[in-house]
Amino acid sequence: MGHMLEPAKMRLLDAARGAKPHAVFDAAGYALHLEDNLIEGVSRNQFEADYLAGAGQELGGKMRAAHSSAALVVNAFAPWRERVSKFALAGVTDFSSLRFEAVYPTGLGGTPPHLDMVADGATSVAVESKCLEYLTPKIAIFSRSYDTITDSRCDSPWFGLIDLLRRDPSHYRYLDVAQLVKHALGLMNASLSGEVILLYVYWEPVNDRQFQECGQHRDEIADLQAMLRGAKPILRSSTYQQIWEGWAAQRGEPWLKTHVDRLQEIGRASCRERV
């Protein structure tokens, strides 16, 4: 386990408590009430129905954590649901809807892939959100059921990664490539009419350069993108901070500066190098 994980949890908990001084969090960093882990301007009625329809069961547990990637994605994107016509992400605009915990079955058994958020449009952007998950080393696992896929997905570089990861399950240490492959296979199975971007969005501390985990994680993202050059869905990546900075630069949206300020209050954390 990396040196950064526990200090990052502590700093995100400190930030969550600072943003809502009256909220109650336990020692593990979980809010007593989900609303205590949502920033001002975000309410559960903006996303609750989507999560109840999914299988992630985030509402009752994981989303209450100060270090929750699900809480991060709804805090960041939920207010855009009522403003979808003005929403832009990954260089794409003209979306028709936003959905959280969107299900895209691969056609195989088991729990189907759940995307943290999907912005639907002529070009759709499917978001996989990470907060601290990438700090725990990954071992890629694919069941033999993937060998039964015989459609056009077999010709995709995404599908080719299955063989690579079976031969070398630890090829990627911090990036959960097996999960991304399953997401991509689910998106391809949906036969969406337009182009699809799979956007990997992740949190980093402001002093990320002090931690080798952050650098290696970014190197692994770049390596995977190089391997998937030309593949569909298109893999892109961004830190949350980069997205927020882009929003802060937008003109004509007075509410957005306040929203970004609130996100920065919980998201801009620096970590001590050791605990």
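Predicted model: local features only at pLDDT ≥ 70, side-chain atom pairs only at ≥ 80, totals over all residues.

Residues are numbered from 1 along each chain as its sequence is written, and side-chain values use heavy atoms, with hydrogens and water left out.

**Pockets.** I work on a 1 Å grid over the protein atoms alone, where a pocket is an open set of points with protein on both sides within 12 Å along at least five of seven lines, and lining residues have an atom within 4 Å of a point. Points are joined across faces, edges and corners, and a volume is the space filled by probe spheres set on them.

I looked up the largest pocket and got about 950 Å³. Its lining has 40 residues, with Glu58, Lys62, Glu128, Lys130 and Gln179 closest to the centre. H1, H3, strand E2 (114-121), strand E3 (123-130) and H5 each give two or more residues. H5 gives the most, four residues.

The second largest pocket comes out at about 230 Å³. Leu187, Met188, Val196, Lys232 and Pro233 are the closest to its centre, out of 14 lining residues. H5 and E4 each supply at least two residues here.

**Cavities.** A cavity is a set of grid points where a 1.4 Å probe fits but cannot get out. I searched the whole structure and found two of 30 Å³ or more.

The largest cavity holds about 190 Å³. Of its 17 lining residues, Ala16, Asn37, Ala66, Asn75 and Ile266 lie nearest the centre. Helices H1 (5-19), H3 (69-77) and H8 (254-267) each give two or more residues to that lining.

The second largest cavity has about 40 Å³ of space. Among the residues lining it I noted Lys138, Leu165, Tyr172 and Val177.

**Helix H4.** At the start of H4, a side-chain oxygen of Ser156 reaches to within 3.0 Å of the backbone nitrogen of Trp158.

**Pro254.** I placed this one in helix H8. Pro254 is exposed (over 50%), at 70% relative accessible area.

How values were computed
Polar contact = N/O pair within 3.5 Å; in protein donor to acceptor, adjacent residues only side chain to side chain. Buried < 20%, exposed > 50% of the residue type's maximum accessible area, 1.4 Å probe, protein only.
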